[in-house]
Amino acid sequence: MSTVELSTVEPVRPGYLADTHTGLPMPHAPEFADIAQERRHRKQRLAAALRLFGKYGFGEGISGHISVRDPEHDDRFWVNPFGVSFNLVKVRDLICVDEDGTVVEGNHPVNPSAFVIHSKIHSLNPKAEAAAHAHTAPSRALGALGQLLEPLDQESAAFYQDQVLYDDYRGPSIAVEQGQDIAEKLGDKRAILLRHHGLITVGGSLEEAVHWFFTFDSCAHVQLLAMSAGKPVPMSHEQALAAQDGFGDAQLGWFSFQLLYDEITLEQPDLLEE
């Protein structure tokens with residue numbers, strides 16, 4: 001009986017596909033000459049992300065915060081200050097907070113909820129370079145139903161088997177123990193929907209975390225619309241995995257934010273004031 005030899009030759013990649021996981025012509029994250037340059041870059045992106053939250057109506061009074069780990073000190077993170085509108089935040093307003101909740105850089109106080117939630121997420125998950133949290137209407141509505149995203153389209157598939165529902169509501173998150181519990185329940189997932197509260201997304205970069213927040217929120221809106229119109233038909237397991245492979249790609253998430261960054265800095269250049 002003859003044996004069939006399998007070819008080990010890699011298939012030729014079509015010329016129209018770039019050398020990225022998705023085949024899209026996306027650049028890689030920049031490299032920096034020193035820590036100061038990288039810190040400035042992160043702060044600029046953070047200020048822009050906060051303005052974007054304001055522009056898209058994610059503000060709810062004093063609620064909502066976005067954080068990014070300091071590139072030099074792993075036990076510190078930069079976050080928006082308490083009591084400053086998303087629509088008005090500038091780079092110079094940002095504060096740096098240590099593991100004890102002390103503001104080590106900046107002239108504003110820290111939101112207690114921002115500290116207890118973000119500090120524990122950063123400390124328990126070394127890969128979580130950034131976290132975004134706000135109380136948007138679609139996320140609150142979906143949370144009230146106790147439902148996570150179903151893979152109804154390509155975008156929602158980015159969260160397929162990568163999200164968790166947190167339903168242990170204990171009032172405003174101002175206790176370290178609750179922040180610890182939220183971070184533990186989140187684990188290494190991409191998103192955690194807080195029942196009676198709001199949404200948190202994380203990522204390996206600030207850009208990625210913020211992109212996931214925008215995507216989750218829009219997908220929550222789509223799911224609610226579909227449910228109100230009839231009975232949505234989700235993807236199969238195989239379809240969801242195939243869609244997630246592309247739309248859940250970390251590099252795609254990072255690059256997608258760049259478009260928003262270009263828009264908001266052109267529209268509101270004062271956010272970069274230091």
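Mentor: Gladly, and let us begin with helix H4. What covers the buried residues of H4 includes helix H2 (112–124), strand S6 (163–166), strand S7 (191–194) and strand S8 (198–203). Please keep in mind that this is a predicted model.

Trainee: Which residues of helix H4 are the buried ones?

Mentor: In helix H4, residues 176–186, they are Gln178, Gly179, Asp181, Ile182, Ala183 and Leu186. Just after H4 comes Gly187, with a positive phi of about 60 degrees.

Trainee: Now the rings. How many aromatic pairs does a search of the whole structure find?

Mentor: The search finds eleven aromatic pairs. One of them joins Phe53 and Phe86, with 5.8 Å centre to centre and 80 degrees between the planes.

Trainee: Why does Phe86 count as buried?

Mentor: Buried means under 20% relative accessible area. Phe86 has 6% relative accessibility, so Phe86 counts as buried. Phe53, at 0%, counts as buried too.

Trainee: Why is the pair of Phe53 and Phe213 called tilted?

Mentor: Planes under 30 degrees apart count as stacked and those over 60 as edge-to-face, with the rest tilted. Phe53 and Phe213 have 40 degrees between the planes, at 4.9 Å centre to centre, so this pair is tilted. Phe53 lies in helix H1 and Phe213 in helix H5 (residues 206–229), so the pair ties together parts that are 160 residues apart in sequence. Phe213 is buried, at 0% relative accessible area. Ring pairs link Phe53, Tyr56, Phe58, Phe86, Phe213 and Phe214 into a cluster.

Trainee: And which residue lies over the face of Tyr261?

Mentor: That is Arg45, at 3.8 Å from the ring centre. Arg190 lies over the face of Trp212, at 3.9 Å from the ring centre.

Trainee: On to charges. How do you know that Arg39 forms a salt bridge with Asp70?

Mentor: The rule asks for a side-chain nitrogen of Lys or Arg within 4 Å of a carboxyl oxygen of Asp or Glu. The closest N and O atoms of Arg39 and Asp70 are 2.7 Å apart, so the pair is a salt bridge. Arg39 is in helix H1 and Asp70 in the loop between strand S1 (65–69) and S2, 31 residues apart. Both Arg39 and Asp70 are buried. The count by this rule comes to 15 salt bridges.

Trainee: Arg40 and Glu274 meet in a salt bridge as well, at 2.6 Å, N to O. What makes Glu274 exposed?

Mentor: Exposed means over 50%, and partly exposed lies between that and the buried limit of 20%. Glu274 has 54% relative accessibility, so Glu274 counts as exposed. Arg40, at 47%, counts as partly exposed.

Definitions and conventions: Residues are numbered from 1 along each chain as its sequence is written. This is a predicted model: local features need pLDDT of at least 70, side-chain atom pairs count only at pLDDT 80 or more; totals for chains, interfaces and linings use all residues. Side-chain values use heavy atoms; hydrogens and water are left out. Rings of Phe, Tyr and Trp (its six-membered ring) pair if their centres lie within 6.5 Å; planes under 30 degrees apart count as stacked, over 60 as edge-to-face and the rest as tilted. Buried means under 20% relative accessible area, exposed over 50%, partly exposed in between (1.4 Å probe, protein chains only). Helices (H or I, at least four residues) and strands (E, at least two) are DSSP runs, numbered from the N terminus. A charge sits over a ring if NZ of Lys or CZ of Arg is within 6 Å of the ring centre and within 35 degrees of the ring normal. Contact means heavy atoms within 4.5 Å.
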